[in-house]
Amino acid sequence: MERRIEHETAADVGRVRSVVRDLATYPRWLSIVSRVEPAPEHVDDDGPAWFVTLRARLGRFSRAKRLRMVRTTDDGDLVVFERLEHDGRRHSLWRMTAQVDDAGDRTSLSIDLRYDGGLLEPVVSRLLDREVEESRPRLEAVLVEA
């Protein structure tokens with residue numbers, strides 16, 4: 001399952017890059033991310049790691065999932081976070097790819113969210129559809145902060 005968030009903003013490209021490369025900013029604009037805290041370094045990590053708590057609520061149904069996410073790519077315009085657990089178990093893929101492009105007087109941001117687990121896919125799919133729409137104004141508010 002994949003979803004895309006596309007956003008254009010007047011915010012400076014540097015500001016957009018700094019927001020999307022730091023998972024600690026995500027709870028402020030992506031409501032499914034309820035908590036982010038630094039995770040201990042591990043020798044197999046390509047970059048910094050965070051524990052990310054995802055919280056989903058549909059009606060009376062509520063579920064939380066804690067993932068260990070690692071920034072695996074950070075080349076300025078492209079930032080990728082991937083689930084990387086070090087517990088010896090197999091886990092569903094969670095990946096977020098953010099592409100930032102300088103479009104002159106605007107900055108373009110595309111965020112691709114990918115989840116390969118099947119157990120909660122219908123629930124996650126509906127939640128992400130709603131989240132994509134609701135995240136844009138919250139993201140803009142974070143981007144224009146001084």
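**View 1. Residues lining the largest cavity of the predicted model**. Seventeen residues, written here as 17, line the largest cavity, and among them Leu54, Met69, Trp94, Met96 and Leu113 lie nearest its centre; a cavity is a set of points on a 1 Å grid over the protein atoms alone where a 1.4 Å probe fits but cannot get out, and lining residues have an atom within 4 Å of a point. The volume of the largest cavity is about 210 Å³, taken as the space filled by probe spheres set on the points. At least two lining residues come from each of β3 (49-58), β4 (61-74), β6 (94-103) and β7 (106-115), strands being DSSP runs of E of at least two residues and helices runs of H or I of at least four.

**View 2. Helix α1 and its N-terminal cap**. In α1 (residues 13-20), Val13, Val16, Val19 and Val20 are buried, that is, under 20% relative accessible area with a 1.4 Å probe. These buried residues fall within an arc of 125 degrees seen down the axis, so they line one face of the helix; the arc is that of the directions from the helix axis to the C-beta atoms. Asp12 caps the N-terminal end, with a side-chain oxygen 2.8 Å from the backbone nitrogen of Gly14.

**View 3. A cluster of Tyr26, Trp29, Trp50 and Phe81 linked by ring pairs**. Rings pair if their centres lie within 6.5 Å, and planes under 30 degrees apart count as stacked, over 60 as edge-to-face and the rest as tilted. Tyr26 and Trp29 form a tilted pair, 4.8 Å centre to centre with 45 degrees between the planes.

Residues are numbered from 1 along each chain. Local features need pLDDT of at least 70 and side-chain atom pairs 80 or more, while totals for linings use all residues, and side-chain values use heavy atoms, without hydrogens and water.

Definitions and conventions: 1 Å grid on protein atoms, 1.4 Å probe; cavity = no way out; pocket = protein on both sides within 12 Å on 5 of 7 lines; lining within 4 Å. Buried < 20%, exposed > 50% of the residue type's maximum accessible area, 1.4 Å probe, protein only. Polar contact = N/O pair within 3.5 Å; in protein donor to acceptor, adjacent residues only side chain to side chain. Phe/Tyr/Trp six-rings, centres within 6.5 Å; stacked < 30°, edge-to-face > 60°.
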